[in-house]
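Student: Can we go through this model together? I'd like to learn how to read its core and its helices.

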Amino acid sequence: MRITVQNQSIDLWPAVLSNCKCEHRHFSRNRIEHSPAERKGFMKKTHFLHTVLILLSICLMGAFSMTALAVNERWESTTSRDENNNICIEFEEVQVVLPSSWAGKVQMNISSDYVSFYHIGSRNAWTEELGYDNGGHLFTIAYTEDTDYLDLPSYMVIGYTSEGTYYAEFPTDYQAYTGDSSIEEEYNSLSADMDWVKANLTLTIDVIIEIDSEYIFEDSASTYLTESDLSGLTADEVQMAINEIYARHHRTFYLDDVQEYFDSKSWYYGFIEPDDFDVSVMNTYESANINLMVDYLANHDFSADASADEYILPTSSTAYLTSSDLTGMTADELQMAINEIYARHGRRFNTASIQEYFDSKSWYSGTISPESFDTSVLNSYETSNINLLLQTKEAR
């Protein structure tokens, strides 16, 4: 993604010493590294002055409230203090909250697709020493309508709209000015707050996306779910909804049936191995929703949700069966209960009558041929229950 307007980068020069906006670039003492948006190489430092398009200042000190002039409507903002005196910056669709201790220490730069935040002390010191205003980068929030941000070395998705993605990017090299211990210490103090800042980057709009069969929860990345949203889902569906959040971030899956399910979705592009997946890329909505669903799986009685005509043995995947649970069942019913466990994992069946039976169930999605089905996907409850069902069937 290039941050351009008519093929020029937007740079914002400081209005006053401590109230300025400055262009986002990664910096290290021995080299200048352009930001990911510029990584394809579209300008040199010697062209920097030619890109000045706007003057904008931000006051991060005292009790203030201001409306920022922005390159476009997306980054128009108002700034205020919350009940804890933290600094709240409200953009059109995103809110940034900074600790009160950051007041007077931070600069903000606004461009067409991103807003960057810098440590004033480090930026000014590096500018004086090297002649470039590149240092002291803390983080950037950006908007894109493509997926180029996936190539960034350190990012976090803030939220999705119907048209694009808001994300935060963080420096991967050391940004503090190291020639003055007091400046470096102040930068390190700001940097130590970054986990708190990340948790307080939020999408502030209600995203309306047409519901279709492509998603279990189409808004799980932009809205907080509640237990009522999970009502009526099976345990497998709740687990798949958790996987759906991971899948949005291009994670692949060990289980073939899960991988095949997401491969069938038009929005899915999986290329990150499970062992390489970094959960820190998830935004606050996604993290909260995963926690909600994990707790729901652990504490909810799914057997109470299953109607008699939907399952033969509703708890055969979530609890150990006993012989008393099988009292009165015929050999055919016991075999169908075994098939039900396989069917939960998407297995299909060669016998037409069995296939038709499961096709009639609302929870069934048969995608795996009998020859391709791998019994290793069964959990400990299912494996034990199949053995009990087989033993009981043989005895009748």
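Student: Which residues touch the most other members of the largest nonpolar core?

Tutor: Keep in mind that this is a predicted model. The largest nonpolar core has 35 residues. The ones that touch the most other members are Tyr-149, Tyr-155, Phe-262 and Met-293.

Student: And which element gives the largest share of this core?

Tutor: Start with the elements that give two or more residues: β12 (155-160), α5 (235-248), α6 (256-263) and α7 (284-299). The largest share is seven residues, and the element they come from is α5.

Student: Are α5 and α6 parallel, antiparallel, perpendicular or oblique to each other?

Tutor: Their axes come within 11 Å and cross at roughly 60 degrees. Roughly parallel needs an angle under 35 degrees, and roughly perpendicular runs from 65 to 115. The two helices therefore count as oblique.

Student: How many residues in the contact of α5 with α6 are nonpolar?

Tutor: On the α5 side you'll find Met-240, Asn-243, Glu-244 and Ala-247, and they meet Val-258, Tyr-261 and Phe-262 in α6. One residue of this contact is polar and one is charged, while the number of nonpolar ones is five.

Definitions and conventions: Residues are numbered from 1 along each chain as its sequence is written. This is a predicted model: local features need pLDDT of at least 70, side-chain atom pairs count only at pLDDT 80 or more; totals for chains, interfaces and linings use all residues. Side-chain values use heavy atoms; hydrogens and water are left out. A nonpolar core is a set of buried Ala, Val, Leu, Ile, Met, Phe, Trp, Tyr and Cys residues joined through side-chain atoms within 4.5 Å. Buried means under 20% relative accessible area, exposed over 50%, partly exposed in between (1.4 Å probe, protein chains only). Helices (H or I, at least four residues) and strands (E, at least two) are DSSP runs, numbered from the N terminus. Axes are lines fitted to C-alpha atoms, for helices over the stretch in contact, and angles run from 0 to 180 degrees between N-to-C directions. Angles under 35 degrees count as roughly parallel, over 145 as roughly antiparallel, 65 to 115 as roughly perpendicular and the rest as oblique. Contact means heavy atoms within 4.5 Å. Ala, Val, Leu, Ile, Met, Phe, Trp, Tyr, Cys and Pro count as nonpolar, Asp, Glu, Lys and Arg as charged, and the others, Gly among them, as polar.
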